[in-house]
Amino acid sequence: MSDTIIDVKNLRKYFKVHQKEPGLSGSIKSLFSRKYYDVKAVDDISIEIKEGELVGFIGPNGAGKTTTLKTLSGLLHPTSGHISVLGYKPWERKPEFQRKFSLVMGQKNQLWWDLPAQETFILNKEIYEIPTDQYNQTLNELVELLEVQDLLKVQVRKLSLGQRMKMELIAALIHSPKVLFLDEPTIGLDVVMQKKIREFLKEYNLSHNATIILTSHYMEDVKELCERVIVIDHGKILFDGKLDEIIKKFATHKTLEIVFEEDIDPEKLKELGKIKQFEPPKAILEVKRSKVSEVAADLLKQFPVEDLNIIEPDIEDIIREVFAGRLLS
Amino acid sequence: MFPHFLKRKLKIYAAYLKTDFQAQFEYRLDFFLYTIAALVSPIIGLAVWLAASNSGAKLLLDKDQLITYFALVLFVGTLNQTWHAWYVDEDINTGNFSKFLLKPFYLADEYFIREITDKIFKLFFTSVLFIAAIFIFHISFKGVYLDLITLTLFLVSLVLSFGIAFYLESIIGITTFWLHSIDFLKDLESIANQVLTGRLIPLVFFPAGLASFISFTPFRYVVSFPIEILMHKATGSTLLFGFTLQFFWFIAMILAYKYLYNKGVVKFQAYG
Amino acid sequence: MVRNLKLIFILFKHSSKRYLENRWSTFGNFVSASLEIAIFIFFISFIFSFTKSLNGWDKNHVLLLVGISQLVTALYNFLFRRSVNRFPDLVRAGELDLLLTKPMNTQLYASFRSTKPFELLNTITGLAITAYALHQIGNSFGILNWLLLLVGITCGVLVLYSICFSFTILSFWSPKLSSASSILEILTTPLTLPTDIYGQPMSFIVTFVIPIGLVVTVPVKLFLGSISAYFILIEVLLTLIFFYGCTRFWNYAVKGYTSASS
């Protein structure tokens with residue numbers, strides 16, 4: 001039975017933003033008195049994550065993903081609520097806690113720009129007080145997994161974006177953290193590199209039983225890596241569970257692709273479901289999930305059906321619909 | 001044709017001015033620190049020369065005059081303080097400069113607008129400090145002449161001095177086209193600003209030969225000359241000579257700037 | 001404590017490697033620093049062509065002060081200047097966030113990450129001027145005086161750091177702040193002159209409130225023996241207070257940053 005290592009209850013994070021009135025008089029006014037209003041970046045979320053889980057946060061920009069991640073890593077104080085990561089209160093930023101996790105942000109580097117990545121690793125060795133044997137062992141392992149043996153001595157600014165990301169990951173994992181927070185790790189990378197990074201993360205998660213939380217707005221990241229997905233929008237959790245359950249929860253309909261043997265009467269077809277397309281001999285029907293088997297059976301009974309396909313809606317489409325507010329029930 | 005062109009330019013200026021004014025509010029802290037920086041010279045200058053005077057030095061300006069002089073340096077020197085060479089440097093090095101090639105807007109114009117808004121703020125600030133200083137130090141302004149002619153001459157000279165300072169700074173900025181870093185030039189400028197403009201040492205204290213030499217450089221005309229006019233230390237032929245040189249340097253700076261600018265643009269377009 | 005020293009050492013090693021290529025700018029930097037100090041010396045010589053003393057300081061004593069100020073400034077520049085000036089970039093680029101998640105003293109890291117080893121060249125100028133001034137003064141100074149000077153210089157560098165770093169902390173609230181680095185330039189000229197020239201009460205303010213006087217004037221006075229040796233205790237105490245104040249300000253700023261930034 002794995003332990004719960006991340007425990008979040010009723011987390012709220014509000015930011016005070018000052019709104020400047022437009023124009024010159026607004027500027028002058030802002031010199032003397034400022035009006036603030038609250039931005040609810042995270043608005044009452046509760047999550048429990050167990051050791052070894054690989055969890056993905058998805059949501060549109062501004063949803064609260066990064067804010068949540070920053071709060072979990074101690075970069076932000078919660079406005080209210082309870083957080084515990086590895087038994088620590090993250091915002092206290094205790095060194096014992098900091099030694100056990102790592103944060104990687106897609107567009108920000110921790111590597112020294114004009115030195116080889118190796119130098120940053122040595123620096124981290126010092127910062128995290130990693131014993132030399134352990135350091136060498138971990139380094140070799142990571143370098144092999146990520147296939148960067150030849151790049152260790154190359155200055156970071158000469159590396160490609162993808163190679164840099166690999167080095168960032170090594171720098172982040174050199175101290176064998178128990179928890180890894182990744183904020184948009186594959187952003188800007190080409191498709192091949194994205195795949196490589198995903199494979200690496202999956203492998204690392206399995207071999208080290210490291211808990212990995214990642215945020216992304218690439219569906220592929222989440223599909224490939226995460227069994228568990230948390231959907232966030234406007235600071236609220238819309239869904240928390242297995243990826244395939246999203247479909248069940250949010251996809252209220254399935255699509256039936258039918259090929260008929262002969263001409264049929266579309267009016268009769270309408271009784272079974274919503275006709276999305278009708279080009280004889282093909283037809284596409286939208287049917288409520290709960291009724292799919294019933295409708296399928298009826299179709300086969302009432303119509304001369306040559307071919308029948310039951311199609312799941314695309315996860316991307318569902319998520320998109322969710323964010324567009326169309327499927328919130 | 002001509003008035004229309006001017007009108008359009010003025011309209012653009014006005015719009016730019018307004019936006020920049022607002023942007024300036026965002027930089028309140030920056031502005032505050034830079035202005036404090038400008039105050040240091042006159043304060044130190046006054047302290048040093050007063051101390052010298054108190055320790056028995058015989059100077060060409062008595063104590064009251066020293067106080068008056070440095071109070072005026074505080075005003076004029078702060079007003080004419082420029083630092084936009086760094087921004088020009090940044091714009092060129094980051095390639096931001098291209099926007100000037102695309103828009104019908106001249107590089108100097110953009111920085112000029114910023115300077116104007118900057119001056120307005122500075123004027124406000126230095127006026128407050130000036131008035132405070134008057135009351136704290138009981139400045140009698142002995143030796144300052146406020147008749148119409150002197151004031152007019154002073155204002156004309158002030159505007160010219162601003163032009164010289166501005167274009168000198170702009171020239172330093174655009175040398176970025178050829179030099180890797182303008183640090184060295186800025187350092188030289190800073191030294192010249194301290195020693196040759198009268199900010200730390202009243203130019204009249206220099207031995208005749210050196211003072212003459214400085215009269216031929218643009219530096220006297222950035223701070224010292226307008227003050228000399230106001231204190232009636234430049235009269236008759238000296239006044240004429242001074243104004244001639246100030247005009248000369250004003251024009252020379254603008255011409256040098258335009259020449260270098262055009263050369264620089266060509267280079268920029270070649271290499272990007 | 002040991003860990004912090006080790007961290008400083010590694011940062012120092014890295015800085016040396018990183019800036020090795022910039023030989024031209026190092027030379028240019030040395031030339032302009034030397035030029036600047038030459039101008040100061042000219043300025044002082046010029047003043048002393050009018051008078052024999054400046055509120056109790058004679059020419060050679062002021063030259064000594066110039067030499068020591070050059071030494072202190074060069075040491076500060078070596079250890080802290082580039083790191084302090086570049087700190088706003090860290091905030092702007094968001095790299096500060098990553099630093100805050102690491103188990104180390106972030107202030108220490110931010111203060112030492114870009115040391116400038118070649119600045120040590122400028123200490124030579126300072127030492128040369130000091131040597132000349134001492135020669136002109138002619139007196140001999142005992143071990144105690146030298147010790148006081150050493151401690152005084154250390155305090156001076158720390159006070160200078162506290163002032164400059166406190167200004168750069170302002171970039172937490174004003175990320176576009178570019179003038180935090182100009183605070184050092186503001187201070188350069190005042191540092192080369194004895195704070196006694198300001199008369200009272202300015203002299204007092206400039207020594208104890210805006211502690212510029214603590215950086216050079218007091219150490220030199222201690223060395224010369226023009227103030228009691230016990231004053232070193234006050235210097236050390238005040239240095240610690242200002243340093244502590246700077247650290248507190250840092251903590252306050254980080255706290256605000258972690259509450260407010262998104």
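Me: How many salt bridges does the rule find across the interface of chain A and chain C?
Reply: This is a predicted model, in which local features need pLDDT of at least 70 and side-chain atom pairs count only at pLDDT 80 or more, while totals for chains, interfaces and linings use all residues. Residues are numbered from 1 along each chain as its sequence is written, chains are lettered from A and ligands numbered from 1 in the order in which they are written, and side-chain values use heavy atoms, with hydrogens and water left out. A salt bridge here is a side-chain nitrogen of Lys or Arg within 4 Å of a carboxyl oxygen of Asp or Glu. By that rule, the interface of chain A and chain C has a count of four.

Me: Which residue of chain A meets the side chain of Lys6(C) in a salt bridge?
Reply: The N to O distance of this salt bridge is 3.8 Å. The partner of Lys6(C) is Glu126(A).

Me: What area is buried between chain A and chain C?
Reply: Buried area is the accessible area (1.4 Å probe) that two parts lose on being put together, summed over both. In contact, meaning heavy atoms within 4.5 Å, are 30 residues of chain A and 30 residues of chain C. Carbon and sulfur atoms give 57% of the buried area, which comes to about 2,900 Å².

Me: Which element gives the largest share of the side of chain A that touches chain C?
Reply: Nine residue pairs are in polar contact across the interface of chain A and chain C, both residues at pLDDT 80 or more; a polar contact is a pair of N or O atoms within 3.5 Å, where within protein one must be able to donate a hydrogen and the other to accept it, and residues adjacent in sequence count only if both atoms are side-chain atoms. On the side of chain A, the elements that give two or more residues are β1 (4-18), α3 (95-98), β5 (101-105) and α4 (117-127), with helices (H or I, at least four residues) and strands (E, at least two) taken as DSSP runs numbered from the N terminus. The largest share, six residues, comes from α4(A).

Me: Is Ile122(A) buried or partly exposed?
Reply: Ile122(A) is found in helix α4 of chain A and, leaving aside neighbours within four places in sequence, is in contact with Tyr135(A) and Ile10(C). Buried means under 20% relative accessible area, exposed over 50%, and partly exposed in between (1.4 Å probe, protein chains only). Because its relative accessible area is 32%, Ile122(A) counts as partly exposed.

Me: How many residue pairs are in polar contact across the interface of chain C and chain B?
Reply: Between chain C and chain B the contact takes 31 residues from chain C and 32 residues from chain B, and about 2,700 Å² is buried, with 77% given by carbon and sulfur atoms. The count of salt bridges between chain C and chain B is zero. For polar contact, with both residues at pLDDT 80 or more, the number of pairs is four.

Me: Which element gives the most to the side of chain C that touches chain B?
Reply: The elements of chain C that give two or more residues to this side are α2 (23-48), β1 (53-54) and α8 (182-191). With ten residues, the one that gives the most is α2(C).

Me: Is Gly198(B) buried or exposed?
Reply: Gly198(B) is found in the loop between α8 (183-195) and α9 (208-216) of chain B, and, not counting residues up to four places away in sequence, Gly198(B) touches Tyr69(B), Val73(B) and Leu203(B). Because its relative accessibility is 0%, Gly198(B) counts as buried.

Me: How many of the eight residues of helix α2 of chain A are buried?
Reply: Helix α2 of chain A spans residues 65-72 and is mostly covered. Its buried residues include Lys65(A), Leu69(A) and Leu72(A).
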